[in-house]
Amino acid sequence: MERIDFHAHCVPPAYREYCLENDFAGRGHPDGMPAIPDWDALSHIELMKKLKIQKSVLSMSSPGTHLTPGNDDEARRLTRQVNEDMSKICAEHSEHFLFFASLPLPDVEGSLAEIDYALDHLGAVGFQILTNSHGIYPGDPRFTRVFDKLSERNTTVFFHPTTCHMQHPDTVSVTRVTPNPGVPSPVMEFMFDTTRSIASLITSGTLSRCPGITFLICHCGASFPPILARVAEFSSFLIAGAEAMSVEDIKHLLQTRFYFDLAGVPFPDQIHGMLRVVDSSRLLYGSDYPYTPGPLVESLARRLDDDLQESFGMETTQRVLLKNAEELMSKLRPSL
């Protein structure tokens, strides 16, 4: 069945080599995973053909491009190299790929410069931002200028989960939070950090202040739908100055400002919670390749197709796999 993939990753060889050569803080084993996967465009395209993927929107995964807390120079260099590499890959395979550029957050000045460069010179169709940037969540006032700029440029922002981090006041020191040692963060903690980022966006006023941004959230909304009512109930004092929000207020924001990909295992349970919050017009296909290996991507795609058809019928299945993505893609900034 034909589809468009909004959650697909690129691992530029130079980036992978840099991470492996500087393997402190677990860079060669991102988020507790065994390794940074190999990636090349031709293998990715071969997988796309097997699954009838018309187009993949590439992005970086965790740990992103700001690898060393406090080292903004390194982050700016690496971010620029990664974005230029992805731009070149997409230009060489324009029939198959578009890309979300990376930003060197929490470096605000570097990110502001990269937004313009990626859009005006590299042909990016949006930006990928981690759910926390060395412990700073997207609604934090320190990121106000970045999100204002993204809104001014009418961008799509793809939030990708990462390991939770804690900042230490008055220092550049950051601690990686591992509540379940030995369990890679993507297994469970990614879901919770995604939820923290959604709550941060909603309760900080970022959404109402930045109407030009379309948000894309991974993994079927993670664990946010079950706590939506709780967030609404306590929204007036979650963040100083935030106005109280009702459940219907939050649902309206999610239905009109957000899309949610179905990478991972949304059936049999998670999908139904999500569809109590938004309708099927806000759902997209996502493979999570190559961090999800090719054979598993194929298996999950077959299961997703079967589960969607059995639960919702062919029309909704086609909408989720292809038509929603076509509508969103028509709004993206065209590649240069």
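**Salt-bridge close-ups**

**View 1. Arg142 pairs up with Asp140.** Here Arg142 makes a salt bridge with Asp140, and their closest N and O atoms sit 2.9 Å apart. Keep in mind that this is a predicted model. Arg142 counts as partly exposed, at 48% relative accessibility.

**View 2. Asp116, Asp120, Lys149 and Arg153 form one network.** These four residues are joined by salt bridges that share partners. Zooming out for a moment, searching the whole structure turns up 13 salt bridges.

**View 3. Arg3 meets Asp305 in a salt bridge.** The N to O distance between these side chains is 2.7 Å. Arg3 belongs to strand β1 (residues 3-9) and Asp305 to helix α12 (residues 294-312), so this pair ties together parts that are 302 residues apart in sequence. Are the two partners buried or exposed? Arg3 is buried, because its relative accessible area is 2%, with the cut-off for buried being under 20%. Asp305 is buried too, with a relative accessible area of 10%.

**View 4. Lys50 and Glu298 make a salt bridge.** Their side chains meet at 3.7 Å, N to O. This pair also links distant parts of the chain: Lys50 is in helix α2 (residues 41-50) and Glu298 is in helix α12, 248 residues apart. Lys50 has a relative accessible area of 52%, and exposed means over 50%, so Lys50 counts as exposed.

Terms used:
Residues are numbered from 1 along each chain as its sequence is written. This is a predicted model: local features need pLDDT of at least 70, side-chain atom pairs count only at pLDDT 80 or more; totals for chains, interfaces and linings use all residues. Side-chain values use heavy atoms; hydrogens and water are left out. Helices (H or I, at least four residues) and strands (E, at least two) are DSSP runs, numbered from the N terminus. Buried means under 20% relative accessible area, exposed over 50%, partly exposed in between (1.4 Å probe, protein chains only).
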